[in-house]
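Here is a friendly walk through the structure shown next. Take a look at it first, then read on.

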Amino acid sequence: MTGIGRRAVVLGGVGLAGLTLGSSGAIAAADLASPPGRTQPPATEDLMTDHGLLKRILLIYREASHRLRTGDTLDPNTVFHSAQIVHDYIESFHEGIEEGFVFPALLKANTLTDTVRTLLVQHDRGRKITVAIIGATSAMAMNGMPAAPGLRTAAGRTQVAGWLDAFVTMYEPHEAREDTEVFPAFREVTTDRQFALVSEQVAEAQHRDYGDNAVAHFLEQIAGIEKQVGIHDLNAFTPPEPRTMEGH
Amino acid sequence: MSVKIASLVAATTLLTTGCTLIGAAPAPRPSMIYAQGAIRVRALPGMGEVLTNSAGFTLYVFEPDGHQIVSCTDACAGSWPPLFEPPAGLPPAGPGVRTAMIGAAPDPDGGQVITYAGWPLYTYASDLAPGQANGQALNLNGGPWYVIHPSGQVVEPTGAS
């Protein structure tokens, strides 16, 4: 069944149940209307998965910044490709969903208004940093500029490292705050019926804009970049057991 | 017909731009944010006079719209809430704005988006106060966004394609 078809079914279920059942009854109707095995994940779960994707890019950025500052080898394309994913998916879709569904609901409920304003400022700042990173690391020579023009001098590499660091510094608390405060608050102020509809719409829009398995596709690309910059082995992040002073 | 994210959203604009939330009925059709009051003109540093909504928030055009269609939908419309035509009809032109240039184009998800010189008009979610133009020349959602002069001329920065 197509996304639109599934949504029509869900809408039908809600339409029948929404007025007479409690909010939990409406969501149950939506669930019952979904085909077996095709349960729609809640929108907030999708958004948090996106945050995991972004977190892995932040780890790439951190490693890239380290290499730029130490002079270690770095393929500019790893940064360029990561920034393109941020631009094409996180900033163009994920943040649009937040700005279109999540933030308005909170503002309307007069909840976390200062936080939302800060998050909106940070979205804009992030988009501008991403544009700068893409321009500096572009893999193609364009408009008379060489490939990766921002990385050709020590000063340029330091500047790009600063942008990467700034992006990481901003987005770590940004997404942590959204996961722990903003999304739960959104769920709190949204009826079950509306939440089911939003979840369906988000999935439908994602499918329309990016096709099937969009996040899996991006994660596959990110895994490849992680290998390129040598941070793909999860076990490598495991520290040794702590040794107390008494152990010496 | 898919439900429009853009319509849902503009509550960001609701708080910050003084637009009116009409038809706040529950789903399935989300609320739509309509223009309230006249389209106005405001001088911005480095850009000259540009169009704003009645609350002074900067209006933008989207290059992929190609001067005629509304192509920013779904998540795009979350970040760039379209300026919808209210049920009462097209908004009036404030001082310096040309009435003849105000029109409307159909949104693929329903409703009519107000146009100027053929360009559908949008606000930017990250403009949090009148007089800001944080979205100017930003390349996002598949193309660049620009403010527009009351003459109908799109204001591109020097060197922009």
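## A hairpin to start with

Let's begin in chain B, with the hairpin of S6(B) and S7(B): it has 5 residues between the strands, and Gly110(B) there takes a positive phi near 115°. Strands here are DSSP runs of E with at least two residues, helices are runs of H or I with at least four, and both are numbered from the N terminus.

Before going further, keep in mind that this is a predicted model, where local features need pLDDT of at least 70, side-chain atom pairs count only at pLDDT 80 or more, and totals for chains, interfaces and linings use all residues. Residues are numbered from 1 along each chain as its sequence is written, chains are lettered from A and ligands numbered from 1 in the order in which they are written, and side-chain values use heavy atoms, with hydrogens and water left out.

S6(B) covers residues 102–106 and pairs with S7(B) in the antiparallel sense over 5 bridges; two strands count as paired if DSSP finds at least two bridges between them. Within that pairing, Gly103(B) sits opposite Thr115(B). On to the other neighbour: S7(B) is also joined to S8(B), residues 119–120, by 2 bridges, and those two run antiparallel. Thr115(B) turns up again here, standing opposite Pro120(B), while Tyr116(B) has Trp119(B) as its bridge partner. S7(B) and S8(B) make a hairpin as well, with 2 residues between them, and Ala117(B) in the turn has a positive phi of about 55°.

Put together, that gives an open sheet of 3 strands in the order S6-S7-S8 of chain B, with antiparallel pairing. S6 and S8 of chain B are at the edges with a single partner strand each, so one side of each has no neighbour in the sheet. How many residues of S7(B) are buried? S7(B), residues 112–116, is mostly covered, with 4 of its 5 residues buried. Buried means under 20% relative accessible area, exposed means over 50%, and partly exposed is in between (1.4 Å probe, protein chains only).

## The rest of chain B

Chain B holds 3 helices and 11 strands. Along the sequence, the pattern goes α-α-β-β-β-β-β-α-β-β-β-β-β-β. Of its 161 residues, 58% count as buried.

A search of the whole structure turns up 1 disulfide over all chains (a pair of cysteine sulfur atoms within 2.5 Å). That disulfide links Cys72(B) and Cys76(B), whose sulfur atoms are 2.0 Å apart. Both cysteines, Cys72(B) and Cys76(B), are buried. Their S-S torsion is about -110°, so the disulfide is left-handed.

## Over to chain A

Chain A has a mean pLDDT of 84, and 80% of its residues reach 70 or more; pLDDT is the predictor's confidence in each residue, from 0 to 100. Over residues 1–38 of chain A, though, pLDDT stays under 50. Where pLDDT is low, the predicted coordinates should not be read in detail.

Now for the cores. A nonpolar core is a set of buried Ala, Val, Leu, Ile, Met, Phe, Trp, Tyr and Cys residues joined through side-chain atoms within 4.5 Å. The largest one has 58 residues, and those with the most contacts inside it are Leu53(A), Tyr61(A), Val102(A), Leu164(A) and Phe167(A). Elements giving two or more residues to this core are H3 (43–70), H4 (76–108), H5 (113–137), H6 (154–189), H7 and H8 (214–229) of chain A. H4(A) supplies the largest share, 14 residues.

Which residues does Leu53(A) touch, not counting residues up to four places away in sequence? Leu53(A) touches Ile85(A), Ile90(A), Val215(A), Phe218(A), Leu219(A) and Ile222(A), where contact means heavy atoms within 4.5 Å. A second, separate core of 21 residues includes Val50(B), Phe84(B), Tyr122(B) and Trp145(B).

Last stop: Gln206(A), which is in H7 (residues 192–210) of chain A. Gln206(A) counts as buried, at 16% relative accessibility. Leaving aside neighbours within four places in sequence, Gln206(A) is in contact with Tyr89(A), Phe93(A), Gly211(A), Ala214(A) and Val215(A).
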